[in-house]
Amino acid sequence: MNNNHSENMTGQDRDGASPAGTARPEPWSLSSGPGSIVAAAVAGIVATGAALASGELIAAFWSPNPSPVIAVANRVVDEAPAWFVEFGKSIFGLADKPALVAGTVVFSGLFGALLGVVGRRRMALAVAGFVAFGLLGLVAIAADAQGSAAAGIVMASLAVAVGVGVLWTLLSMVRAAALPTATGETDATVLEDPRQPAYSRRSFIGWAGGVGAASALGVVAARSIQARDSVNEARASVELDTAAAESVTSAVTEAEAGPVASTPGITPLVVPNDDFYLIDTALVKPQVDPESWTLTIKGMVDNELTINYDELLDRASTVAPVTLSCVSNEVGGGLVGNAVWQGVPLVDLLDEAGVQEGATQIASRSVDGWSCGFPTEAAYDGRTALVAVAMNGEPLPVRHGFPARLVVAGLYGYVSATKWLKEIELTTLEAFDGYWIPRGWSKDGPIKTQSRIDTPDNGERVTAGQQLAVAGVAWAPDTGVDRVEVQIDDGEWQEATLGESLGVDAWRQWLLAWKPTPGRHTIRVRATDSSGYTQTSETAPPAPDGATGWHTIDVEAA
Ligand SMILES: Nc1nc2c(c(=O)[nH]1)N[C@H]1C(S)=C(S)[C@@H](COP(=O)(O)O)O[C@H]1N2
Ligand SMILES: [Mo]
């Protein structure tokens, strides 16, 4: 009989057994001891990976449903106590979300390994474990703002089926190899027994590796589908009212030609969309189809109002440069940016709905379930407050909130700047708290007047005796920056030259020429806004309502 041929037909091979059928001990045998436990754990991990990968693949084709992993990670973020979220941020910083996803995957893998080991002897228990795991995913998807129960059921069922199927297949290889024989022969002998479906270590590794590789490929494919921004096509065909933007665009062009704006190393007056800071809780950016999107204005209004995207675009829009800042921005940090926003004034929509007496808060929610709120007064005190559809002359980029978001000058993003806007609810300040409020951030979020040194860099070595440009940006949205001063070492505060103004909502670039003497120097900056307030030297961390203090850097001149 042609042994090799029959091996191929049956999926069996004889790795570990000598051609003559005499036993050769395997260092890591599947048959018993640590080898079989490791193999079972690997089987469990591979089975879990395949289950999760199948969920990723379905989710990629079933927009906007989150995958089981993303849905569970979302639930963790939403339900976790504030200290846990803070702990995550303190360790991983802005990478806290990828870390959370990674944590969910690692935890799943450990659980899967356990199920594999348990399943060696008690497959029913392992199946129960997979079902429990599937239920967790189902509940998380169904509870997700962008998930449906139907998708949860389909994804969870398929994932459980795939997981159990893979585990059963791999474990049967482990178990077959581990079958004890009456005479206590080694697995090599068992492998020789034609009555037993026997598998060797090599075939187990082949199958486990194959399924693992297929899962990895599946995840990569699913991720690249999701990263494609499926609404980009719809976004590209949007036609904006460009006439409204013309005067602002020419003002920007003129300002950018000024002497301060052209300082090397200074942040651009208007930050390009691709460079604009990005902050949100979305693990996968919502892909909102503008065809089916609507915005509802509800709550304490006379006439609830629902408009679609075309109706929003048809309304008279305003174009305004506004500096947006994240409350998490450290002094000198980069979570702030200035862009030219175009959108419908919020008050126009509010007036159409008819805001009722006593509605002290404007709450808003996104399609992915995020929320925030600010005092109704802020919308009516004359500041720029837009339901924005465009950013720097383009329809909002997907990651910045396409098809519509709120932009309210002078309020931190966490209380006002809802991306992927879905509804605005008029309520009272007492009746509702936005997403970040129970997580330890202040109910009120006015942007604090701040300034930043962009150039030179902290720690930079500069040339002594040569003119150096000290430059940066300063902002006090809705108030305006009046003065920026720079202090070198313990010298007098020197007034910097301000760049062109794009209005009170936009940041100002500033520049001070300085000839450093040899040695180490400290440079500080402070801004004074149009209300006469000068930035305090007192330092405060971002939480709960924004960092304070003077941005300070050191340079070495030689
Ligand atoms: N849907 C949604 N909108 C959101 C957030 C969010 O997590 N989800 N974060 C807010 C915060 S904290 C900030 S600072 C701004 C950031 O906007 P950007 O990413 O366009 O810079 O978006 C706001 N809008
Ligand atoms: Mo923020």
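Me: What makes strand 1 and strand 10 a pair?

Reply: In this predicted model, four bridges join strand 1, residues 294–299, to strand 10, residues 421–427. Pairing takes at least two bridges, so the two strands count as paired. They run parallel, and isoleucine 297 stands opposite isoleucine 424 of strand 10.

Me: How do you know that strand 1 also pairs with strand 2?

Reply: The cut-off is at least two bridges, and four join strand 1 to strand 2, so this is a pair as well. Here the strands run antiparallel. Isoleucine 297 stands opposite leucine 305 in strand 2. A hairpin of five residues links strand 1 to strand 2.

Me: Which strands make up the open sheet, and in what order?

Reply: Five strands form the sheet, in the order 2-1-10-5-6, with mixed pairing.

Me: Why are strand 2 and strand 6 called edge strands?

Reply: Strand 2 (305–308) and strand 6 (371–375) each pair on one side only. From one strand to the next, the twist averages 15°.

Me: Why is glutamate 86 called partly exposed?

Reply: Its relative accessibility is 34%. Buried would need under 20% and exposed over 50%, so glutamate 86 falls in between. Glutamate 86 is in helix 4, residues 82–92. Its C-alpha atom is separated by 8.8 Å from that of arginine 439, 353 residues apart along the chain.

Me: What makes the approach of tyrosine 277 to ligand 1 a polar contact?

Reply: A polar backbone atom of tyrosine 277 is 2.7 Å from an oxygen atom of ligand 1. The limit is 3.5 Å between N or O atoms, so the pair qualifies. Serine 366 has a polar side-chain atom 3.2 Å from a nitrogen atom of the ligand. For tryptophan 370, an N or O atom in the side chain is 3.3 Å from a ligand oxygen. Both distances are within 3.5 Å, so these pairs count too.

Me: How much of ligand 1 does the protein cover?

Reply: The protein covers 99% of the 530 Å² of accessible area that ligand 1 has on its own.

Me: Which residues come nearest to ligand 1?

Reply: Of the 19 residues around the ligand, Tyr277, Thr281, His400, Arg405 and Lys419 come nearest. By class, the shell has 10 nonpolar, five polar and four charged residues.

Methods: Residues are numbered from 1 along each chain as its sequence is written. Chains are lettered from A and ligands numbered from 1 in the order in which they are written. This is a predicted model: local features need pLDDT of at least 70, side-chain atom pairs count only at pLDDT 80 or more; totals for chains, interfaces and linings use all residues. Side-chain values use heavy atoms; hydrogens and water are left out. A residue is near a molecule or strand if one of its heavy atoms lies within 4 Å of it. A polar contact is a pair of N or O atoms within 3.5 Å; within protein, one must be able to donate a hydrogen and the other to accept it, and residues adjacent in sequence count only if both atoms are side-chain atoms. Accessible areas come from the Shrake-Rupley method with a 1.4 Å probe; for residues, only the protein chains shown count as cover. Ala, Val, Leu, Ile, Met, Phe, Trp, Tyr, Cys and Pro count as nonpolar, Asp, Glu, Lys and Arg as charged, and the others, Gly among them, as polar. Buried means under 20% relative accessible area, exposed over 50%, partly exposed in between (1.4 Å probe, protein chains only). Axes are lines fitted to C-alpha atoms, for helices over the stretch in contact, and angles run from 0 to 180 degrees between N-to-C directions.
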